[in-house]
Amino acid sequence: MKLYSNQASPYARKVRIIAHELGLKLEVIDVQARTDESLRRVNPLKQIPTLILDDGSSLFDSPVICEYLNQIGGGKFFPGMNIWKQNSGRWKALGLQALGDGLADAAVGFRHEITQPEASGNPHHIARHMATVHAGLDALEKVKFAKDPTIGEISVACALGYIDFRMPDLDWKASRPNLAAWYAKFCEYPAMKATAPA
Ligand SMILES: N[C@@H](CCC(=O)N[C@@H](CS)C(=O)NCC(=O)O)C(=O)O
């Protein structure tokens, strides 16, 4: 399987973490999604991550690719049914994934605005993205994370890694001590170290 990816992408990092954890070999092709038109041949949305299966078909976006790899690799990152509380673990994990991905969307959107060729970007968009980043972090400060990481925990960690990489001046940790402590511990996983943004 081939993965169109980028070392800085929080979404592609989710996929690389799952593959690393499950011992799945991926041929990783690094691309600049914003400018590389050839990506559109395999993904009409021209986005990474895009996974090319051995039969040549393509899968996107990160939640779909992660669940696919989890299934073929026999992983436990997407909890299933629970006979006492149907689907509770699953919805918690998927809900947390949505929050983590949404936080990444706002941080990526912010970065996109401030790196516009016109230099300053749209102040309304910048303010909206920044408000979402702060609200997302505040919501995560109250979350009780699972001991055995699910796709939810992985998505949140990838979003936080992207924020630290691309928004280094955002001092989010001092006012969110629970989240900061959880994240520091999570960063110790070998899969996190092997996939750090660059
Ligand atoms: N919801 C998508 C988001 C993917 C995404 O936005 N990727 C960015 C890179 S970090 C991208 O490909 N941007 C290029 C573009 O949209 O033109 C996912 O989870 O995979």
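Predicted model: local features only at pLDDT ≥ 70, side-chain atom pairs only at ≥ 80, totals over all residues.
Q: OK, how is the protein divided into domains?
A: It is divided into domain 1 (2-72) and domain 2 (88-189), with bounds that come from an automatic or database domain assignment. The centres of the two, taken over C-alpha atoms, are separated by 20 Å.

Q: And how many residues does each domain give to the contact?
A: Domain 1 gives 8 residues and domain 2 gives 10 residues, where two residues are in contact if their C-beta atoms, placed from the backbone, lie within 7 Å.

Q: Which element gives the most on the side of domain 1?
A: Helix α1 does, with 5 residues on the side of domain 1 that touches domain 2; helices (H or I, at least four residues) and strands (E, at least two) are DSSP runs, numbered from the N terminus.

Q: Switching to strands, what does β1 pair with?
A: Strand β1 (residues 2-5) pairs with β2 (residues 27-30) in the parallel sense over 4 bridges, and with β3 (residues 50-52) in the antiparallel sense over 3 bridges; two strands pair if DSSP finds at least two bridges between them. Leu3 stands opposite Val28 in β2, whereas Lys2 stands opposite Ile52 in β3.

Q: Which residues are around the ligand?
A: Among them are Ser9, Tyr11, Lys46, Ile48, Pro49 and Asp61, a residue being near a molecule if its C-beta atom, placed from the backbone, lies within 6 Å of it.

Q: Where are the cis peptide bonds?
A: One joins Ile48 and Pro49, with omega about 5°, and Pro49 is found in the loop between β2 and β3. Another joins Phe60 and Asp61, with omega about 0°, and Asp61 lies in the loop between β4 (58-59) and α2.

Q: What about phi of Lys46?
A: Phi of Lys46 is near 55°, a positive value in a residue other than glycine, and Lys46 lies in the loop between β2 and β3. Most residues other than glycine have a negative phi, and most peptide bonds are trans.

Notes. Residues numbered from 1 in each chain as written.
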